[in-house]
Amino acid sequence: MVQTKGYAAQTPTSDLGLWEFERREVGPKDVQFDIQYCGVCHSDLHQIKNDWFEGIFPMVPGHEIVGKVVKVGSDVTKFKVGDLAATGCMVDSCRECDNCKDGLEQYCENGNVQTYNSKNHYTDNMPTYGGYSNTIVVNEDFVLHLDEKADLPATAPLLCAGITTYSPLKHWKVRKGHKLAVLGLGGLGHMGVKFGVAFGAEVTVLSTSADKEEAAKKLGAHHFVVTKDAEQVASVKNSFDFILDTVSAPHDMNLYLSLLRTNGVHICVGVPPLPHEIHPFSLLGGRKSVAGSGIGGIKETQEMLDFCSANNIVSDIELINIKDIHAAYKRMEKGDVRYRFVIDMATL
Ligand code: NAP
Ligand code: ZN
Ligand code: ZN
């Protein structure tokens with residue numbers, strides 16, 4: 001077994017703290033890599049709080065993981081010791097269903113295995129533990145390659161915030177001529193702005209935080225609307241082709257649907273703890289659609305990393321000591337994220 005040190009929540013109400021545990025021994029198709037940086041996603045906070053469902057505790061969160069390979073199994077062909085490596089939200093899937101065959105492992109019909117708060121029903125049925133830790137063992141099919149010149153801490157958030165915004169914008173072919181609104185300027189939102197701009201769309205940030213305007217413009221956004229200001233909101237009624245909704249808390253979908261133009265699409269990637277209430281009138285007046293999107297498949301994640309490397313796209317981050325994780329969570333709960341916390345795992 002691989003002795004591992006991490007930061008875990010022992011219960012949904014306890015603070016995270018140092019915890020030692022074991023990972024599976026490196027199997028023939030496994031890659032072990034030492035973790036250098038791990039991003040802090042709002043999903044980490046949702047899951048340690050049991051916002052969505054009953055979690056598996058102790059829980060070691062973290063699914064924006066980058067580091068360096070220290071060991072490879074006998075049948076590994078894609079990695080060697082010393083390579084940079086990364087893992088996002090999934091560590092396994094069936095590989096046999098139609099979705100897996102289409103490179104959509106995130107929608108595996110037999111269930112993908114999440115990087116943490118999951119049980120690996122394809123191997124040992126043991127709980128998975130995430131990236132707030134010093135080392136990880138992952139099947140090579142779920143390990144991504146990074147550019148050797150990558151800015152590692154700023155690259156880590158691409159593994160979730162990056163792919164979760166890249167994938168739906170690609171799926172809906174968002175491009176020049178489209179008006180895209182990014183709702184919520186946090187970890188996902190700021191990557192949504194960067195990709196929207198890179199794909200040629202006219203990008204508006206819809207934010208509850210008036211003080212994020214300057215930063216939004218620096219990220220490349222063309223317009224900024226404070227959603228608490230009724231006049232500003234009225235000025236963008238019926239105007240967007242797409243809204244990329246990254247909000248983590250309850251919000252009024254009917255209001256935002258009124259900002260879409262005819263045939264517009266509201267894409268949900270944010271996952272608040274409670275379901276949305278949508279009135280059919282909000283949809284039928286203007287033939288509007290509500291869509292959803294979950295992370296992205298492995299092939300698309302590699303494509304996104306390569307796209308970012310070629311276009312100099314990384315996340316805007318605040319590098320933190322792991323001891324400051326609770327202060328980071330508190331700021332995240334207030335919407336005060338600029339624009340992703342990343343843990344320097346050397347501080348563990
Ligand atoms: P984050 O960094 O905390 O950003 C969320 C942003 O939402 C905040 O910064 C804030 O932006 C806005 N917001 C917060 N409360 C709000 C409210 N009551 N009304 C309106 N806006 C509000 O979170 P994140 O890491 O980007 O994650 C966002 C959501 O996506 C989470 O629910 C997460 O679990 C989910 N997620 C989904 C996937 C997927 O596969 N679909 C993947 C990763 C994460 P402003 O200050 O600009 O208003
Ligand atoms: Zn995430
Ligand atoms: Zn499958």
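N117 is found in the loop between β7 (113-114) and β8 (135-139), where helices (H or I, at least four residues) and strands (E, at least two) are DSSP runs numbered from the N terminus. This is a predicted model in which local features need pLDDT of at least 70 and side-chain atom pairs count only at pLDDT 80 or more, while totals for chains, interfaces and linings use all residues. Residues are numbered from 1 along each chain as its sequence is written, chains are lettered from A and ligands numbered from 1 in the order in which they are written, and side-chain values use heavy atoms, with hydrogens and water left out.

Although N117 is not a glycine, its phi is positive, at about 60 degrees. N117 counts as buried because its relative accessibility is 9%; buried means under 20% relative accessible area, exposed over 50% and partly exposed in between, with a 1.4 Å probe and protein chains only. N238, in the loop between α7 (230-234) and β12 (240-245), also has a positive phi, of about 50 degrees, but N238 is exposed, with a relative accessible area of 53%. Most residues other than glycine have a negative phi, and most peptide bonds are trans. A cis peptide bond joins F57 and P58, with omega about -5 degrees, and another cis bond runs from R338 to Y339, with omega near -15 degrees.

The zinc ion (ligand 2) is coordinated by C41 (SG), H63 (NE2) and C160 (SG) at 2.0 to 2.2 Å. Donors are N, O and S atoms within 2.8 Å of the metal (3.2 Å for Na, K and Ca); water is not among the atoms, so sites may look incomplete. C41 is buried at 3% relative accessibility, as is H63 at 5%.

Ligand 1 is surrounded by 31 residues, the closest being H42, S207, T208, S209 and R340; a residue counts as near when one of its heavy atoms lies within 4 Å. The shell takes at least three residues from each of domain 1 (2-160 + 296-347) and domain 2 (162-292), with bounds from an automatic or database domain assignment. α1 gives the most to this shell, with 3 residues. A polar side-chain atom of T208 lies 2.6 Å from an oxygen atom of ligand 1.

Methods: A polar contact is a pair of N or O atoms within 3.5 Å; within protein, one must be able to donate a hydrogen and the other to accept it, and residues adjacent in sequence count only if both atoms are side-chain atoms.
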